[in-house]
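My notes follow in the order I made them.

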Amino acid sequence: MSTEATPIPRPLPRPSPFSRPFWEAARRHELLIQRCPTCRNYIFYPRLNCPDCGSRDLNWMRVSGRGRVYSYTVARRATHPAFAGLVPYVIAIVELEEGPHLTTNIIDCDPDSVRIDMLVEVAFEDVDATTSLVMFRPATS
């Protein structure tokens, strides 16, 4: 009899009609967010209307993938049982150069080295054949 525990499946995004282009782009290792052609604002999270001017004529635009850590916390206890093997890990809000904020993880660095205003760049974690998660790592340039 095996004493190994069965791994708990990681919670994965369930794309909606509004967020599907974001997740499809992530799978291609591209960062796309919406932009309003009327007021020129970049928008995240995906939605039907521009939150600034109300326009429904939103476009999907590829963005730089560069930003800075706006806020963060280091999870020293798993926030979900599937993440138990990852502790400690960084949960962060990254402010993109284009303006929007994304909730994400900071990877590829010691969690205790993360700082507010740290420059970061997008990274993608391929979870399975259909899903890639958007993460950020310390900027290399």
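I began with the accessibility of His29. The model is predicted, and in it His29 has a relative accessible area of 36%.

Next I looked up where His29 sits: it is in the loop between helix H1 (20-27) and strand E1 (32-35). I read its phi as about 60°, positive although His29 is not a glycine. I noted the background for this: most residues other than glycine have a negative phi.

I then turned to Asp108. Its phi is near 65°, again a positive value in a residue other than glycine. I placed Asp108 in the loop between strand E6 (101-106) and strand E7 (119-126). Is Asp108 buried or exposed? I put it down as exposed, because its relative accessibility of 56% is over the 50% cut-off.

For reference, most peptide bonds are trans.

Which residues does the cis bond with omega of about 25° join? I found Phe44 and Tyr45 on its two sides. I located Tyr45 in the loop that runs between strand E2 (42-43) and strand E3 (59-62).

I also recorded a cis peptide bond from Val87 to Pro88, where omega is near -10°. Pro88 belongs to the loop between strand E4 (66-75) and strand E5 (89-96).

How values were computed:
Residues numbered from 1 in each chain as written. Predicted model: local features only at pLDDT ≥ 70, side-chain atom pairs only at ≥ 80, totals over all residues. Heavy atoms only, no water. Helix = DSSP H or I, 4+ residues; strand = E, 2+ residues; numbered from the N terminus. Buried < 20%, exposed > 50% of the residue type's maximum accessible area, 1.4 Å probe, protein only.
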